[in-house]
Amino acid sequence: NSVGFSVRSMGGFVGAEQLIEEHARQLEQFEAWARAGEWEKFHRSHYDWWAFPIDEESSYGKKYSVDQATAAAIIQKNPDFALRFQRGVQLLCTSWGWDVVQGVWIANPSKPHQSWQNYPVRLYKAGRSCAVLGQLDLFHKMVHFAETLEAQGYSLTFSSSTHKNTNTLQKWKQDFGGPAP
């Protein structure tokens, strides 16, 4: 199971300290899964809220929502958080068989579950979190990954509690601008 609460609270933001603690625990889990080659655990576990906080409400309400000003303050006061966040995104992409740093598919993935899982909402949240947290280089690498998936015929359209039939790339472009945000 993933780190966090079993009962969803619709209250306000949990606060920077709790978010950082939950994220650190989740990263420890990511590292353990990666070491063991248990890529399927990335795909079936629930952790998006605290692993990839975004500036939108979710099924948890605003509990894990951060705006860009809050995100900047968290990173300024906790610079190690940015490094841990980047590592979390790298491990997520590795679970999909994608080397986000090099911008290529991993040759000969180690396990059958180390592949794209047709989960565009998780891609959307991870990429959006990169943008919100000011990790723009990593955000652009996520855009490249999404463009690669789309070029290979994968649908990047998803629906969630806050989005209906939303295309990941189009939403990123709408919210963050540019031909390739």
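**Threonine 162**

I looked up how accessible threonine 162 is, and it comes out as partly exposed at 42% relative accessibility. I had this model down as a predicted one from the start. Threonine 162 sits in the loop between strand S3 (157–158) and S4. I then asked which residues it touches once neighbours within four places in sequence are set aside, and found Glu56 and Glu57.

Is asparagine 165 buried or exposed? I noted it as exposed, because its relative accessible area is 64% and the exposed class begins over 50%.

**Asparagine 108**

I wanted to see another positive phi in a residue other than glycine, and asparagine 108 has one near 55°. I placed asparagine 108 in the loop between strand S2 (104–105) and H6. Its relative accessible area is 72%, so I listed asparagine 108 as exposed.

**Asparagine 167**

Next I moved on to strand S4 (residues 166–167), which holds asparagine 167. This asparagine is buried, with a relative accessible area of 11%. What does its side chain make a polar contact with? I found the side chain of glutamate 150 as the partner, at 3.4 Å. Leaving out neighbours within four places in sequence, I listed Glu150, Leu156 and Thr157 as the contacts of asparagine 167.

**H7 against H8**

Glu150 turned up again when I looked at the packing of H7 and H8, as one of the H7 residues in that contact. The two helices pack at an angle of about 145°, and their axes are 10 Å apart. I noted the crossing as left-handed. From H7, I wrote down Phe139, Met142, Val143, Ala146, Glu147 and Glu150; from H8, Leu169, Trp172 and Phe176. By class, I counted seven nonpolar residues, no polar ones and two charged ones in this contact.

**The largest nonpolar core**

Met142 and Trp172 came back when I checked the largest nonpolar core, which has 49 residues. They are among the members that touch the most others, together with Phe30, Tyr47, Phe52, Val89 and Leu123. Which elements give two or more residues to this core? My list reads helix H1 (16–36), helix H3 (48–51), helix H4 (68–77), helix H5 (79–95), helix H6 (120–132), helix H7 (136–151) and helix H8 (168–176).

**Histidine 23 in H1**

I picked out histidine 23, which lies in helix H1. It counts as buried, because its relative accessibility is 3% and the buried class covers values under 20%. Beyond its neighbours within four places in sequence, histidine 23 is in contact with Trp50, Ala51, Phe81, Arg84 and Phe85.

**Valine 121 in H6**

My last stop was valine 121, found in helix H6. Valine 121 is buried, with a relative accessible area of 12%. Which residues does valine 121 contact, leaving aside neighbours within four places in sequence? I got Phe158 and Ser160.

Conventions
Residues numbered from 1 in each chain as written. Predicted model: local features only at pLDDT ≥ 70, side-chain atom pairs only at ≥ 80, totals over all residues. Heavy atoms only, no water. Core = buried A, V, L, I, M, F, W, Y, C linked by side-chain atoms within 4.5 Å. Buried < 20%, exposed > 50% of the residue type's maximum accessible area, 1.4 Å probe, protein only. Helix = DSSP H or I, 4+ residues; strand = E, 2+ residues; numbered from the N terminus. Axes fitted to C-alpha atoms, helices over the stretch in contact; angles between N-to-C directions. Left-handed = near helix turned anticlockwise from the far one by under 90°. Contact = heavy atoms within 4.5 Å. Nonpolar A, V, L, I, M, F, W, Y, C, P; charged D, E, K, R; others polar. Polar contact = N/O pair within 3.5 Å; in protein donor to acceptor, adjacent residues only side chain to side chain.
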